[in-house]
Amino acid sequence: MIAAAESAFAQRYSSPVGLGRALASLGREQPVVFDELMNAPVVLRHRDVAAALRDTATFSTQFYGTGPMNGAMITLDGAPHHRLRRIHNRFFSASASAKYADAVAPIAQRTFGPVAAKAEVELIGECIARYPMEVFLTLLGIPDELGDQGLAWVRAIVTWLGSPMDQAAAEPGLQAYAQLSDYTSGLVQRERHTGGDNLLSEIINGFESEDAYTTEAVTASVVSLLLGGFETTIQMMSATLCSLLLNPDALARVRADHSLVEAAIDEAFRWANPSAGLYRLVTRDTGIAGTGLAAGSLVYLGIAGAHYDERAYPDPETFHLDRRGGAHLGFGLGPHYCVGAPLARIEVTAALTALLDACPGLRLDSDTPLSFYYGARDFVQHGTDALPVLT
Ligand code: HEM
């Protein structure tokens with residue numbers, strides 16, 4: 001048992017490597033350890049984390065389905081989940097998402113191009129934090145509505161869902177969920193009448209074509225997408241930039257050859273691991289690598305540790321653009337693999353390309369050391385609160 005104060009998730013690190021290194025070191029001694037801070041056994045090795053993510057019958061996402069989230073795609077298993085994924089594939093598969101790149105590129109240019117005009121910038125607060133929201137609202141066809149209110153609702157809800165053991169997060173999360181759902185439901189009804197050339201209409205059509213349209217079902221879908229797509233993308237963009245700025249050789253290669261952006265994003269997912277882990281509800285008495293897990297308990301699948309497991313990733317502490325081997329778990333794995341991954345890749349690629357092109361001398365501001373920790377930006381991800389750079 002690890003006491004809360006000793007938990008790797010309670011520490012601050014001077015590099016993105018710190019959390020993964022600490023968890024992988026524990027994982028070399030034991031495959032699963034009870035962590036008082038996470039209030040659950042933490043699974044530390046890649047093989048066990050990946051197997052549990054695939055085995056949704058034993059390690060379920062049903063726990064996300066508390067209160068109003070009941071019935072959302074992430075809470076479902078089997079045929080009902082499969083049906084919803086099929087609907088979402090109509091507008092979010094890699095091929096369906098490719099068309100969003102044209103709408104995303106100008107937003108990235110507008111957001112990241114002006115950075116070059118300033119000598120010093122805190123990238124997360126000044127640019128990154130508003131970008132995924134603007135992209136998604138533009139795609140939905142409502143670019144000028146909502147503003148910071150949307151992000152505040154999303155943050156309250158995801159904090160609640162991502163920390164099922166934290167009672168204090170529940171009340172604000174529930175309240176935000178009700179407000180966001182009311183707002184979204186109004187949008188869905190309006191769009192169904194007016195019909196437009198936008199993602200919201202595509203979502204409505206996707207449900208209609210599977211005979212699954214109800215205002216509630218489409219509202220739940222849009223809310224799920226809103227929940228899944230903001231802070232995650234913010235942290236991922238920050239992680240990718242950090243990774244490149246801390247690894248100048250890799251940065252130089254990406255600058256010279258933009259086709260390496262995709263590889264940089266994938267390696268940053270592993271090396272700087274914003275998705276530090278995922279909770280699962282154990283549905284039957286079982287065990288992982290000899291540790292018993294009781295039905296009804298929660299377990300935490302430690303992606304950050306798995307990403308530094310040398311059995312899956314040789315030389316894990318080095319950022320390798322040419323890394324081959326185990327794909328990262330940053331978008332999850334198995335049936336609940338992130339449905340927004342293609343869009344997220346488009347967003348991060350456009351942002352990175354716009355920023356690097358605008359700022360040939362982009363570098364970290366060494367006067368402000370970075371601090372990496374789990375819970376950055378008051379959110380259940382691993383990263384930094386700020387990313388100060390010089391242009
Ligand atoms: C880089 C940004 C992103 C990251 C790191 C990320 C990460 C993840 C992860 C780890 C999961 C699996 C959760 C679990 O198994 O418990 C997931 C699922 C999901 N994500 Fe993402 N995501 C990102 C972007 C997006 C975007 C842009 C959207 C939509 C606009 C989105 C929507 C979803 C949804 C709806 C699910 C549930 C899928 C299902 O249950 O089948 N995500 N995401």
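Which residue stands opposite F59 in β6? Select F59 and look across: V282 is the residue that faces F59 there. Before going further, note that this is a predicted model, in which local features need pLDDT of at least 70, side-chain atom pairs count only at pLDDT 80 or more, and totals for chains, interfaces and linings use all residues. Residues are numbered from 1 along each chain as its sequence is written.

**Stop 1: the whole protein**

Zoom out. The protein has 16 helices and 13 strands; these are DSSP runs numbered from the N terminus, with helices being H or I of at least four residues and strands being E of at least two. The radius of gyration, taken over C-alpha atoms, is 20 Å, close to the 21 Å that the globule rule gives for 391 residues, so the protein is as compact as a globular protein of that length. That rule is 2.2 Å times the number of residues to the power 0.38. Along the principal axes, the C-alpha atoms fill a box of roughly 60 × 55 × 35 Å.

Now colour by burial. A residue is buried if 20 or more other C-beta atoms lie within 10 Å of its own, exposed if 12 or fewer, and partly exposed in between, with C-beta atoms placed from the backbone. Of the 391 residues, 46% count as buried. Contacts (C-beta atoms, placed from the backbone, within 7 Å) are worth a look too: among those between residues at least 6 apart in sequence, 72% join residues at least 24 apart.

**Stop 2: β6 and its partners**

Select residues 278–282, which form strand β6. Four of the five residues of β6 are buried, so the strand is mostly covered. Strand β4 (residues 59–60) pairs with β6 in the antiparallel sense over two bridges; strands count as paired if DSSP finds at least two bridges between them. β9 also runs antiparallel to β6, joined by four bridges. To find this pairing, pick L281, which stands opposite L298 in β9.

**Stop 3: the loop at A294**

Follow the chain to A294, in the loop between β8 (291–293) and β9 (298–301). Is A294 buried or exposed? A294 is exposed, because 11 other C-beta atoms lie within 10 Å. Leaving aside neighbours within four places in sequence, A294 is in contact with V282 and D285.

**Stop 4: the nonpolar core**

Next, go inside. A nonpolar core is a set of buried Ala, Val, Leu, Ile, Met, Phe, Trp, Tyr and Cys residues joined through C-beta atoms within 7 Å. The largest one has 116 residues, of which V43, V49, I157, L226, L301 and A351 touch the most other members. Helix α16 (residues 341–358) gives the most to this core, with nine residues. Centre the view on V43: beyond neighbours within four places in sequence, its contacts include P31, V32, V49, I288 and L301.

**Stop 5**

Select residues 17–29, helix α1. α1 has 13 residues and reaches 19 Å from its first C-alpha to its last, close to the 18 Å expected at 1.5 Å a residue, where the expected span is 1.5 Å times one less than the number of residues. α1 lies across β1, β11 and β12, running at about 55 degrees to β11; axes are lines fitted to C-alpha atoms, for helices over the stretch in contact, and angles run from 0 to 180 degrees between N-to-C directions. Its buried residues are V17, L19, G20, L23, A24, L26 and G27. Among the elements that cover them are β2 (32–35) and α15 (303–306).

Those three strands form an open sheet in the order β1-β11-β12, with antiparallel pairing. The edges are β1 (12–13) and β12 (382–383), each pairing on one side only. Two bridges join β11 (residues 372–374) to β12, and Y373 stands opposite G383.

**Stop 6: α9**

Finish on helix α9, residues 170–194. Its 25 residues reach 36 Å from first C-alpha to last, close to the 36 Å expected. Show G173, A176, Y177, L180, T184, V188 and E191, which are buried. An α-helix has 3.6 residues a turn, so residues three or four places apart point the same way.

How values were computed: Contact = placed C-beta atoms within 7 Å.
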